[in-house]
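I list below what I looked up, in the order I looked.

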Amino acid sequence: MTEIRNQLQQAFIHPAEWSWTKNGAHQGRVQHWVHTIEKWEKSIEQIDAVILGLPLSRSSISVSGASEYPLAFRKGWKGFSTYNIDESIDLAPLNVVDLGDVAMHGTDIVESQKRIQQAMEAVLQAFPSAITINIGGDHSVTASAVRGLKAVTDNETIGIFQFDTHLDLRDPAENGPSNGTPIRQLIEAGVVKGNHVYNIGLHGYFNSPDLIHYAKKHSVNMITLNKARQQGIVQTVRRALASLQQQVDRIYVTVDMDVLDVSFAPGVPASTPGGMFTHELFAALLEVGKHDEFKHIDFVCLDPLKDESASPTVKAGIYSFLQVLSGVIITRNQINGT
Ligand SMILES: [Mn+2]
């Protein structure tokens, strides 16, 4: 483990600046359950999922404190039990290990993004069988993380499964490596093909005609929220995942929390009216976690500094993370016949 910890450190992954002190009083709560890499002494193979914080938001088009989310995410665990009463399952048997955060450069966005890519490569090499859970940061981190994924799995075809109000296909020539351009960056770099991108959650008046034109030209699969609701959100996710899985070797799921309606997600700078309800996103993410090939996910663009005092958005973010893992354990229990 010492060697692994050194490798992570060389890839700019540092222990979280803040972590929970474990004691008996936390029994059964999320903060008691999530391990830290510093304390993990069992084998690598026993790790089911790793958490990596990507605290970058200087690259956000709207002013964003999403860099503060990894910290708020960890602090918010105390409000959650590992037991999911809706599904009658306990997440406790899953070994989830928090690797800490990628250390960002003070001012250089491109340098920070290179570090994210390098960190992702190191994580994939160190924990090849674990589910990777990236906690942003703004949506630019997805482009860096997927580049890292591509570098490690070069002969594999990667698909993107995106929950978002926006296409994120703005022109990098105009907007740089910002949170408005990650999907276009990946398409232009040949990392991902447009027809291997599925976006669920598009609605209303938030994507300009030139972006729709680009999406159509590159055959990006646009599934509007209205259409998903008509066909059932869970059904839509199931069908879209199955269809994408037939075309690619590996799926990277990216959850831009701005997919949520602004009334549910006041702590997301780009959230809008007419967006997804929290219960719809939670149901969708349970379905994502259930998918046999589910392996990689990120949660981005949540700015805890903009959240309201009762932290509705941070809580929705943590709930979303737990839903995915509930899906994972449901499928494992089915496979194991328990
Ligand atoms: Mn986005």
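Where does glycine 137 lie? I found glycine 137 in the loop between β7 (131-136) and α5. Helices here are DSSP runs of H or I with at least four residues, strands are runs of E with at least two, and both are numbered from the N terminus. I noted that the peptide bond from glycine 136 to glycine 137 is cis, with omega near 20°.

I recorded the conventions next. This is a predicted model, in which local features need pLDDT of at least 70, side-chain atom pairs count only at pLDDT 80 or more, and totals for chains, interfaces and linings use all residues. Residues are numbered from 1 along each chain as its sequence is written.

Overall form. I have 12 helices and 12 strands for the protein. Its radius of gyration is 18 Å, close to the 20 Å from the globule rule for 338 residues, so the protein is as compact as a globular protein of that length. The radius is taken over C-alpha atoms, and the rule is 2.2 Å times the number of residues to the power 0.38. The C-alpha trace spans about 55 × 45 × 40 Å along its principal axes.

Another loop. Aspartate 168 sits in the loop between β8 (158-163) and α6 (172-175). I read its phi as near 55°, a positive value in a residue other than glycine.

α4 against α5. I looked up helix α4 (residues 109-126) and helix α5 (residues 140-152), which pack at about 45° with axes 8 Å apart. That angle makes α4 oblique to α5. Angles under 35 degrees count as roughly parallel, over 145 as roughly antiparallel, 65 to 115 as roughly perpendicular and the rest as oblique. Axes are lines fitted to C-alpha atoms, for helices over the stretch in contact, and angles run from 0 to 180 degrees between N-to-C directions. The contact includes Ile116, Met120 and Leu124 of α4 and Val141, Ala145 and Leu149 of α5. Contact means C-beta atoms, placed from the backbone, within 7 Å.

α11 against α12. The axes of helix α11 (residues 278-290) and α12 come within 6 Å and cross at roughly 35°. Among the contact residues I listed Leu281, Phe282 and Leu285 of α11, with Tyr319, Gln323 and Ile330 of α12.

α12 itself. At 1.5 Å a residue, the 25 residues of α12 (residues 312-336) should span 36 Å, and the end C-alpha atoms are 36 Å apart, which agrees. The expected span is 1.5 Å times one less than the number of residues. Glycine 337 follows α12, with a positive phi near 70°.

Notes: Two residues are in contact if their C-beta atoms, placed from the backbone, lie within 7 Å.
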